[in-house]
Amino acid sequence: MSTDSTTTVDRTEAAGPKGRVPAPRRGRGRVPLSEGKRAERKLGWLLCAPAALVMLAVTAYPILYSVWLSLQRFDLKFPDQREFVGLSNYVTVLSNGYWWTAFGVTMLITVVTVAVELVLGMGLAIVMHRTIIGRGLVRTSALIPYGIVTVVAAFSWRYAWTPGTGYLATLFGEGAPLTERASALAIIMLAEIWKTTPFMALLLMAGLALVPEDLLKAASMDGASAWQRFTKVMLPVMKPAILVALLFRTLDAFRVFDNIFVLTAGANQTSSVSMLAYNNLIRGLNLGIGSTMSVLIFIAVAIIAFVFVKLFGTAAPGSTDEGGRR
Amino acid sequence: MTDPHRGGPARSGRIRLAAGAVALALLAPMAACGSGEDGGIPTINLYYSPEQNLQKVVDDCNAQAGGRYEIKYRVLPRAADEQRVQLVRRLAAEDSGMDVLGLDVTWTQEFASAGWLLEWTGERRAEAERGTLAGPLETAQYEDKLYAAPKNTNVQLLWYRTDLVSQPPRTWDEMINFALGLKGRGQPYRVITMGAQYEGLVVLYNTLVASAGGQILNSEGTKAVFDDGAVRALEVLRDFANAGITTSSFSNTIEDQARLDFQSGAGAFQLNWPFVYPAMQEADPELAKKVKWARFPGVDPNTPSKVTIGGVNLAVSRFSRHPEESFEAATCLRNPEHQKFSAINDGVPPTIESVYAEPEMAEAYPMRDTILAELKDAATRPLSPAYQNISTVLSATLSPPSKIQPERTADRMREAAQDALESKGVLP
């Protein structure tokens, strides 16, 4: 999200001491920095160095380490046979049916849940935004599902859908819905949607606050219907907030793990890619194959972020050109 | 911002104090994880699955130790998978807080190969091997070295209704025919056993392969074989699943479901572990009176079955701070006297042959002769460090049993098992 502002700091820093100015990008002009300004930049860089170092230690190192692991045959069961195998783990994983099944399941869950959450979240956001009486109460209670620990909620869903202990299983006739693929996937998605719609609503509500009341009134004066005001006025103004909300949720949804872990443990082909990576790493003790999957998931997440940022022009609120860059 | 000295020495002192407090807070739990050597008596942490009366055995061993060590029973989760995950994660991190480990027989080779277990040598090894049945002992070995002491074992038996069947069937074909005959006469006829996609299905398949004289892996455990016997076993399993004599939920049945199905009176036969008998005596004493046991049916009429053994081995972690005391504690926990106690009170069959002859065993184990006969001619699951991975892909390929295509299924399993042995397999 903050890629843009980091690169700015980076560039000035590199240019700083020698006073050389890099070629201006996208036609944005840049004046040489004054002495005081440069000192301030340096101090700023020093101040954020500890945080940057910690980030390097806790994110960059593990990422690089798993890339390194993914290039090896490294199986805790056979410690003596550890060797460098190049990209053959990637060939193994990418030519494996289980991987692509899990990938398909993950994509399905991502697309369906994010789409449903967007619609429901928008509705909830408008309700929360427009409520006059008991606003605090409405907002708090809407957020309750998001406040419950996912694993705990997942266990409630599991018991609810298990014949014998649950009230929901009997509603839909005989049989155990969590043991059939289609119904199990539907339940996983339901649990995901139930849990994260409030989060979506919260992000969208921030966007709703950006819509000026005057604009809506003016549109209303011009005879726009409620639906027209929503699609022609609110949505365009909210677009940045919607894209941010979608980006956050898509990244989250793609890494879905805890609900599946508790509800089906991946039985009947309901594994997500994260579940598959867990199974190969922790249960299979195969660090090579498992890390390969982790790296592939990382790449997939990076692609999603790239598509959102570069193609749809998603940007963090406050980092747009007109806005916050000081 | 501009004056970095604002705040002065007092402030930096406070910061240092805060940093120190944070460091302490971070380190304190680690220190608490340590040995816990209060009073100089070494604590031996026993990690073992929930077993109701194991604490009494532990107390007894602690009394016998006379202050040389004190065993603390740390109860693992109930599900086998969760037990293994906990052990594996902590051993991979070289956790010294675990001393004696209760390992399922199928994990022993894996943990030994990973270098997490101490070898049993000399007098300790002799003690662990003394009078121990060959099958269970084999599950505790890896590359001709002993890495654990068998604590208890288990085998499945054939349970049948004497009011419906006069003679127990000796082969699967015979059993299927008996059941079809009963079905024709409108009597309870079903053959109930475990067929869900999990370890239980692999146990059944392994028994069939061994009974048909086949092999899954070569005897060194280094290569996937799946020979004619393994294909024959697939035919038996497929024919059984398609004969119309199983329950409708066969491909979703695990141990307890099978027990309940049989207890409800739907079955003429049940293939299951011995725990079903005391449970039946409690739940339906009338039915229990009509039920007898026999050796598991074989594949070939002239060769008795070879049945897969289960059970638990006790191993000592390589990261233990007190290996000597740990070996001693493990030896005590599985000595003949304690095996007898656990067999009677917790229903886990002993690994030491002489224990079966003890008079108290007759009441708790009326079927002990059959168990012993099976144990003396038993089959182990493939003794490979990669067993867990092999088992996962086997159960996925075997399920549902009614869809087995013997030759093709064998080819697919051979390939998947070979991949698992070469760390190339992907687990579902």
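In strand S9(B), Leu158(B) has Leu271(B) as its bridge partner. This is a predicted model, in which local features need pLDDT of at least 70, side-chain atom pairs count only at pLDDT 80 or more, and totals for chains, interfaces and linings use all residues. Residues are numbered from 1 along each chain as its sequence is written, and chains are lettered from A in the order in which they are written.

**Strand S7 of chain B**
- S7(B) covers residues 157–161; strands are DSSP runs (E, at least two residues) and helices are DSSP runs (H or I, at least four), numbered from the N terminus.
- S7(B) is antiparallel to S9(B) (residues 267–272), with 4 bridges; two strands pair if DSSP finds at least two bridges between them.
- S7(B) also runs antiparallel to S10(B) (residues 291–294), again over 4 bridges, and there Leu158(B) is bridged to Ala294(B).
- Because 5 of the 5 residues of S7(B) are buried, the strand is largely enclosed by the rest of the structure; buried means 20 or more other C-beta atoms within 10 Å of the residue's own, with C-beta atoms placed from the backbone.
- One side of S7(B) carries Leu157(B), Trp159(B) and Arg161(B), the other Leu158(B) and Tyr160(B).

**Chain A to chain B**
- In all, 22 residues of chain A are in contact (C-beta atoms within 7 Å) with 18 residues of chain B.
- H12(A) gives the largest share of the chain A side, 4 residues.

Definitions and conventions
Contact = placed C-beta atoms within 7 Å. Buried ≥ 20, exposed ≤ 12 C-beta atoms within 10 Å, placed from the backbone.
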